[in-house]
Amino acid sequence: MNPPPDNYFERGLALLETHEYHSAVAHFDSALKLGLGDLAAVHVARGEALTQLGDYDAAEQSIHNALLAQPYRAAAFLARGKLRHRQNQRDKAIADLSAALHIEPNYAEACYARAQCCEELRRFADAEADLSRALELNPDLLGAWEARGRLRARRLDLDGAVSDLSHYLRSGGGRQYDNHSETQGYLLILRAFRLLGRVVRLGRG
């Protein structure tokens with residue numbers, strides 16, 4: 001049975017959440033044909049689904065349509081930033097994500113997405129600042145706890161890394177992202193290095 005006309009967008013969002021991207025796009029297309037509701041939001045969501053399908057040209061066009069309708073739509077800049085990140089256009093992605101944050105300074109997901117780009121560009125201090133801001137805005141953003149923990153380990157802040165990764169595991173992040181055992185093993189290594197560092201410092205003292 002087909003959903004009611006005003007429910008195509010909501011059903012599309014539900015399908016997007018469950019990774020049923022082809023079906024999601026079909027529902028978003030139906031919503032656009034009917035011309036009902038917040039069409040800019042429909043274009044953004046459609047662009048996100050198309051990005052996941054690897055149809056980057058169509059995704060960019062859909063997000064472009066959203067910005068034509070609403071030039072200051074932060075979610076559209078976030079979606080285009082993620083799309084450009086997928087295409088390894090990190091500088092352009094950062095520009096879009098910064099635009100999203102200019103429009104909505106408290107946009108935790110945009111902070112998290114920009115941090116990923118900054119880390120890949122080896123802008124580690126900027127990445128950590130964005131992750132910390134994202135977690136300040138939304139402590140339930142579990143992936144950001146893991147990302148900051150691994151980044152802090154990379155920067156040799158072992159106390160901070162152990163704290164972040166421990167929180168990530170306690171909060172169920174390992175189960176949610178199916179990497180509990182791998183993260184737990186990494187955490188044990190960090191604890192061992194931290195203990196070794198303390199022993200060395202005591203020996204020198």
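L156 sits in the loop between helix 9 (142-154) and helix 10 (158-170). Helices here are DSSP runs of H or I with at least four residues, strands are E runs of at least two, and both are numbered from the N terminus. The phi angle of L156 is positive, at about 65 degrees, although the residue is not a glycine. L156 counts as exposed because its relative accessibility is 70%. The terms are set by relative accessible area: buried means under 20%, exposed means over 50%, and partly exposed lies in between (1.4 Å probe, protein chains only).

The model is predicted; local features need pLDDT of at least 70, side-chain atom pairs count only at pLDDT 80 or more, and totals for chains, interfaces and linings use all residues. Residues are numbered from 1 along each chain as its sequence is written, and side-chain values use heavy atoms, with hydrogens and water left out.

N88 also has a positive phi of about 65 degrees and is not a glycine. N88 belongs to the loop between helix 5 (74-86) and helix 6 (90-103). With a relative accessible area of 52%, N88 is exposed.

The protein chain contains twelve helices and zero strands. From the N terminus on, its elements read α-α-α-α-α-α-α-α-α-α-α-α. Along the principal axes, the C-alpha atoms fill a box of roughly 75 × 35 × 25 Å. The chain has 205 residues, of which 43% are buried. Its accessible surface is about 11,400 Å², and carbon and sulfur atoms hold 50% of that area. Accessible areas come from the Shrake-Rupley method with a 1.4 Å probe; for residues, only the protein chains shown count as cover. Among contacts (heavy atoms within 4.5 Å) with a separation of 6 or more, 46% join residues 24 or more positions apart.

The largest nonpolar core has 56 residues. Such a core is a set of buried Ala, Val, Leu, Ile, Met, Phe, Trp, Tyr and Cys residues joined through side-chain atoms within 4.5 Å. A49, Y107, Y112 and L131 touch the most other members. Helix 7 (residues 108-120) gives the most to this core, with seven residues. Apart from its neighbours within four places in sequence, Y112 contacts L131, A134, L141, G143, A144 and A147. In soluble globular proteins, nonpolar side chains tend to be buried together.

Two aromatic pairs are found in a search of the whole structure. The F9 and F28 rings have centres 6.0 Å apart and planes at 50 degrees, so this pair is tilted. The pair links distant parts of the chain, with F9 in helix 1 and F28 in helix 2 (residues 21-34), 19 residues apart. F28 is buried because its relative accessibility is 0%. The other pair, Y168 and Y177, is stacked, with 6.4 Å centre to centre and 20 degrees between the planes. Rings of Phe, Tyr and Trp (its six-membered ring) pair if their centres lie within 6.5 Å; planes under 30 degrees apart count as stacked, over 60 as edge-to-face and the rest as tilted. Y168 has a relative accessible area of 0% and is therefore buried. Y177, at 42% relative accessibility, is partly exposed.

Helix 1, which holds F9, covers residues 8-17. F9 is partly exposed because its relative accessibility is 23%. Leaving aside neighbours within four places in sequence, F9 contacts F28, A31, A41, V42 and A45. The C-alpha atoms of F9 and S30 are separated by 8.3 Å, and the two residues are 21 residues apart along the chain.

H43 lies in helix 3 (residues 39-52). At 15% relative accessibility, H43 is buried.

L196 is located in helix 12 (residues 180-204). Its relative accessible area is 49%, so L196 is partly exposed.
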